[in-house]
Amino acid sequence: MDAREPNNMFETEDSVSPSITRLLSRALEYETKAPFVIIVTNFKDIAVFFPPSCITPQPSFERVSSTQFSLALQVISAACIHKIAPAFGNYGNRPSDYRYLLPGGPVQNPNVPMLSDDEVLATHHRHSDFDIPTLLRNKAQASQFFRWHDRIRRRHSKLVAKPNDVLQAVPNPNAFNHILMRPLYPFDARQLPADTVKHIKETQRLSGLQASGIKERFMRAKSFLVEIQEIITAGSRYGISTVYRCKIVSIDNLPVAVSPNLALKLFDDRAQVFRENAQREVYETNANYLSFWFDSLVMAESLITDEILAYDKLEIVQGSVVPWFYGAHQFTLPDGTVLYGLLMEYIESQEVTTNIEPALSHERQIKMIESCRHAARILNVGDVGQHDWHSGQVLLHTNPMTEVDHVVLVDFGLTMQTYDEDDPTYCLQNYGGMLDVLLYRNPTFDLGLVWKHFGEPDDWDLIDEQMYGRYIKARDIYPFLSVG
């Protein structure tokens, strides 16, 4: 509301002028249902008036002072609109199990008779082989899914490969040739502070494929073989991926004389852990609640897609704070099992919470802690939100050429990016997530050094909480506003 009149908006600190009183009365007469707030300005002062309501029967107002009038008015207006908007932004009815129905569509063919358990066991090799919308509607098929899953887990080990196994690989399988959703925001390196840019340059490593002279052959390859050297990690109890050190032994049936050590991450959603007796409980549950049994369902293809998109976004820092990424491929194991996997640079490293012997000097600890802060900031600038922070994602590494101690981030299967400007990723959890990794049960770092050298939150870090006895909050990004 424009209150441009010769006199001021306020007579005293606690009372408004008669002209403002008249304008407010006219506004309330025009709007029969009392609005949430009324914003009044004479383009010098701003006041936010709160009409009487069932909760606060007396009217009130807050006077806002600012050194940047137009910016302050934008912020206040946006805040008021946000306050009265629907809490979850749902402007139409949608089915209760929309998470699978909307992207998956209707059942494939309801007239097809249900397969026997043995037929399902012979023809279904991963979660995506099942018609998920059908499982959400049909208790018999939902129960059969869990029977299949139980039989598969009893037959197969989560560690699908062992040293000396040779795996056949096909580059860029069709499952990942066309990713429908693309992140909205590009990586803008101009937002990186100078010390983070310097850190990236100091920690840059040469691509192993390029150094060994096989990069061009690999990029053109129609097939290749890798040989497993060792098991790096069997993953967590509830995870579906395992990681191996390997080497490329041939490309398009021609031997490779020199191959760098590479990391192979294989995804097998058959290894997902569900509740015991799930198939029996599903059969006994109300059909309307079937979708809740699939809340935790993991698709290997979905996790791999998130990893691909993260590595693509972070291409500018591959070979520094993230590994060199050599793509998603289809791998055939010696027993004929076909799995999707990622091929990456192998990082000679230790996890951040490893009890390192001998202990790192304070100087080396400080370098690693500062590197963790740079890495978290890089994720933020890239709009890559890590929603599964744990110590296995933060590797301690010393650059063999520059001898700089730093960290390398891995495991982006549960990251998120912004695909719709109305649904931001809230990637700003990276500051608190990384700090929690450094502080929680960590024998590597002196906690006093962590608090001193990890640094304060950036302006965009949405953190306002107690962590391990300390209160952490980002700087006020609206210093030009003062309410009173």
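Biologist: Where does Thr 444 lie, and is Thr 444 buried or exposed?

Modeller: This is a predicted model, where local features need pLDDT of at least 70, side-chain atom pairs count only at pLDDT 80 or more, and totals for chains, interfaces and linings use all residues. Residues are numbered from 1 along each chain as its sequence is written, and side-chain values use heavy atoms, with hydrogens and water left out. Thr 444 lies in the loop between helix 14 (430–439) and helix 15 (447–453); helices (H or I, at least four residues) and strands (E, at least two) are DSSP runs, numbered from the N terminus. Buried means under 20% relative accessible area, exposed over 50%, partly exposed in between (1.4 Å probe, protein chains only), and with a relative accessible area of 7% Thr 444 is buried.

Biologist: Which residue of strand 12 is the bridge partner of Gln 330?

Modeller: Two strands pair if DSSP finds at least two bridges between them. Strand 11 and strand 12 (residues 338–345) pair in the antiparallel sense over 6 bridges. In strand 12, the partner of Gln 330 is Tyr 340.

Biologist: Why is strand 11 described as largely enclosed by the rest of the structure?

Modeller: Strand 11 also pairs with strand 6 (residues 166–171), in the antiparallel sense over 4 bridges. Strand 11 (residues 325–332) is largely enclosed because, of its 8 residues, the number buried is 6.

Biologist: How far from the ring centre of Phe 10 is the charged end of Arg 63?

Modeller: A charge sits over a ring if NZ of Lys or CZ of Arg is within 6 Å of the ring centre and within 35 degrees of the ring normal. The charged end of Arg 63 sits over the ring of Phe 10, and its distance from the centre is 4.0 Å.
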